[in-house]
Amino acid sequence: MAYAYDDQNIFAKILRGEIPNDTVLETEHSLAFRDISPSAPHHVLVIPKGAYVTYDHFAAEASEAEIVDYTRAVGQVCAQLGVDPGAGGGGYRMISNAGDHGVQEVPHLHVHILAGRNIGRMIEKQG
């Protein structure tokens, strides 16, 4: 099944400059900005500039340059925030929701980087 990208989603509007954001990092293919309703002391969203709905869509259709840029942008944001454990930071959680079961709210690939406190367990075990 092919993905249909909605160019009226909030992240597309941010990329076009129609909605302001608090930019943390911008590269050729990626944009990172602070979440307007943070769930942790550090809550940054990282999005590709291309029209990708989910990570599997991005992995299947993005160019190698886009994939490398996006992956490195995530690492650069963690380093900039000082949360990367390899450099002595306390760590972070990276979340990407996809589709209805993943409770994806914006149909544009994005990862949440959450840090600055213990985030707790990701989900409770069932049964």
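This is a predicted model: local features need pLDDT of at least 70, side-chain atom pairs count only at pLDDT 80 or more; totals for chains, interfaces and linings use all residues.

Reader: OK, which residues touch the most other members of the largest nonpolar core?

Author: Ala32, Val44, Val46, Val77 and Ile113, out of 19 residues in that core. Helix α3 gives the most, with 6 residues. Helices here are DSSP runs of H or I with at least four residues, and strands are E runs of at least two, numbered from the N terminus.

Reader: What does Val46 touch?

Author: Leaving out residues up to four places away in sequence, its contacts (heavy atoms within 4.5 Å) include Ala32, Tyr70, Val77 and Ile113.

Reader: And which residues are in the second core?

Author: That separate core has 7 residues, including Phe11, Phe33, Ile47 and Val106.

Reader: Switching to the sheet, what's the strand order?

Author: β1-β2-β3-β5-β4, in an open sheet of 5 strands with antiparallel pairing; two strands pair if DSSP finds at least two bridges between them. The edge strands are β1 (23-26) and β4 (92-95), each pairing on one side only.

Reader: How many bridges join β2 to β3?

Author: There are 5 between β2 (residues 30-34) and β3 (residues 42-48), and Phe33 has Leu45 as its bridge partner in β3. β1 and β2 pair over 3 bridges, with Leu25 opposite Ala32, and a hairpin of 3 residues joins these two strands.

Reader: Where does α3 lie?

Author: Helix α3 (residues 64-81) lies across β1, β2, β3, β4 and β5 (111-115), at about 160° to β3. Axes are lines fitted to C-alpha atoms, for helices over the stretch in contact, and angles run from 0 to 180 degrees between N-to-C directions.

Reader: Last topic: which residues lie nearest the centre of the largest pocket?

Author: Phe11, Asp35, Leu45, Val106 and His112, among 22 lining residues. α1 (10-15) is one of the elements supplying at least two lining residues, and α1 gives the most, with 3 residues. On a 1 Å grid over the protein atoms alone, a pocket is an open set of points where a 1.4 Å probe fits, with protein on both sides within 12 Å along at least five of seven lines; lining residues have an atom within 4 Å of a point.

Methods. Residues are numbered from 1 along each chain as its sequence is written. Side-chain values use heavy atoms; hydrogens and water are left out. A nonpolar core is a set of buried Ala, Val, Leu, Ile, Met, Phe, Trp, Tyr and Cys residues joined through side-chain atoms within 4.5 Å. Buried means under 20% relative accessible area, exposed over 50%, partly exposed in between (1.4 Å probe, protein chains only).
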